[in-house]
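Hi everyone, thanks for coming. Let me put the sequence and the structure up on the screen, and then we can walk through them together.

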Amino acid sequence: MSTIDDLPPLAKVIADHGLSARKSLGQNFLLDLNLTAKIARQAGDLSECDVLEIGPGPGGLTRGLLSEGARKVLAIEKDIRCMPVLEEIAAAYPGRLEAINGDALEVNPLAHLTPPIRVAANLPYNVGTELLVRWLTPKQWPPFWQSLTLMFQREVAERIVAAPGTKKYGRLAILSQWRAEARIVMNLPPEAFTPPPKVNSAVVHLTALPEPRFEADAKVLSRVVASAFNQRRKMLRAALKGTAPDIEDRLLAAGIKPTERAEQVSLEQFCALAREVAKG
Ligand code: SAM
């Protein structure tokens with residue numbers, strides 16, 4: 001079988017470098033380079049872009065991104081054991097891979113990247129969700145990224161693309177769909193990973209919209225939606241009691257019945273409510 005580059009197969013890389021998977025770092029590796037190249041293709045045309053990759057591990061997706069033509073990849077990896085492997089990949093793609101050993105929640109990647117920038121990652125799910133929310137809620141829009149191509153637990157992916165009135169609809173759906181176009185582009189069974197996780201996975205591709213679909217302050221919207229869905233079975237007038245003293249009036253001004261539940265409220269209505277709450 002042909003490989004995507006002249007580097008050794010990933011199973012050999014892992015054996016040679018003693019990269020036993022660590023649960024504490026959420027390490028479930030992708031070893032099939034045809035699969036990682038396919039995921040890289042979901043990120044769109046990379047030839048004119050810098051790519052930020054979080055959690056490259058032994059570099060399967062990194063190699064996919066480079067072989068698919070990324071102008072430059074900046075890879076941030078917490079596990080220092082992966083750095084020699086990433087240096088070998090960097091040597092095979094001169095000047096195109098920069099690897100940083102650090103925590104993606106703390107490193108600011110922007111000084112190392114030139115726009116346009118796309119993001120790609122197969123990350124532990126908790127870190128992925130936290131980064132996704134951060135990437136979706138900067139004060140200024142458009143953000144630093146053009147698109148995000150991210151692996152999630154299938155269940156989380158479904159929450160990102162969920163429609164109102166469904167069980168999965170919540171904060172992730174609203175924040176994702178407010179400022180981006182979000183689609184599930186691939187499904188992966190546990191066996192695609194080494195070691196296999198307990199659940200199915202999916203790749204979500206989000207494209208940044210030039211402008212949010214509806215006007216709202218990101219912080220206020222995020223706070224209102226978090227409160228509304230924290231007690232999703234309660235009527236909104238009760239769930240949002242702590243948000244503003246006259247919350248019933250504000251709900252009505254936003255065109256929302258105070259007796260409704262969060263699940264039934266559209267993105268447009270939540271943005272209207274965030275504007276009402278922001279009036280102070
Ligand atoms: N991308 C590789 C692949 O597809 O085979 C590895 C995926 S593995 C699910 C997640 C990777 O993220 C691991 O290499 C882990 O060490 C790294 N990681 C975990 N937490 C991290 C963090 N906070 N910042 C950067 N990397 C992290």
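This is a predicted model: local features need pLDDT of at least 70, side-chain atom pairs count only at pLDDT 80 or more; totals for chains, interfaces and linings use all residues.

Residues are numbered from 1 along each chain as its sequence is written. pLDDT is the predictor's confidence in each residue, from 0 to 100. The chain has a mean pLDDT of 96, with 99% of its residues at 70 or more. For the complex, the predictor gives an ipTM of 0.99 and a pTM of 0.96.

Now the overall layout. There is a domain 1, residues 10-208, and a domain 2, residues 218-278, with bounds that come from an automatic or database domain assignment. Their centres, taken over C-alpha atoms, are 33 Å apart. Where they meet, 12 residues of domain 1 are in contact with 13 of domain 2; contact means C-beta atoms, placed from the backbone, within 7 Å. An unreviewed UniProt entry annotates residues 35-210 as "domain: Ribosomal RNA adenine methylase transferase N-terminal", and UniProt annotations may be inferred rather than shown by experiment, with feature names shortened and positions in the numbering used here. That span is 31% helix and 28% strand; helices (H or I, at least four residues) and strands (E, at least two) are DSSP runs, numbered from the N terminus.

On to the ligand. Which residues come nearest to it? Of the 23 around it, they are F29, G55, G57, A104 and N122, where being near means a C-beta atom, placed from the backbone, within 6 Å. β1 (29-30), α3 (60-67) and β3 (72-77) each give two or more residues to this shell.

The unreviewed UniProt entry places its "binding site" feature at N28, L30, G55, E77, D103 and N122. Let's look at two of these. Is G55 buried or exposed? G55 is buried, because 24 other C-beta atoms lie within 10 Å; the cut-offs are 20 or more for buried, 12 or fewer for exposed, and partly exposed in between, with C-beta atoms placed from the backbone. G55 sits in the loop between β2 (50-54) and α3, and among the residues it touches are E77, A104 and N122, leaving aside those up to four places away in sequence. D103, in the loop between β4 (97-101) and β5 (117-122), counts as exposed because it has 11 C-beta neighbours inside 10 Å.

Terms used. Two residues are in contact if their C-beta atoms, placed from the backbone, lie within 7 Å.
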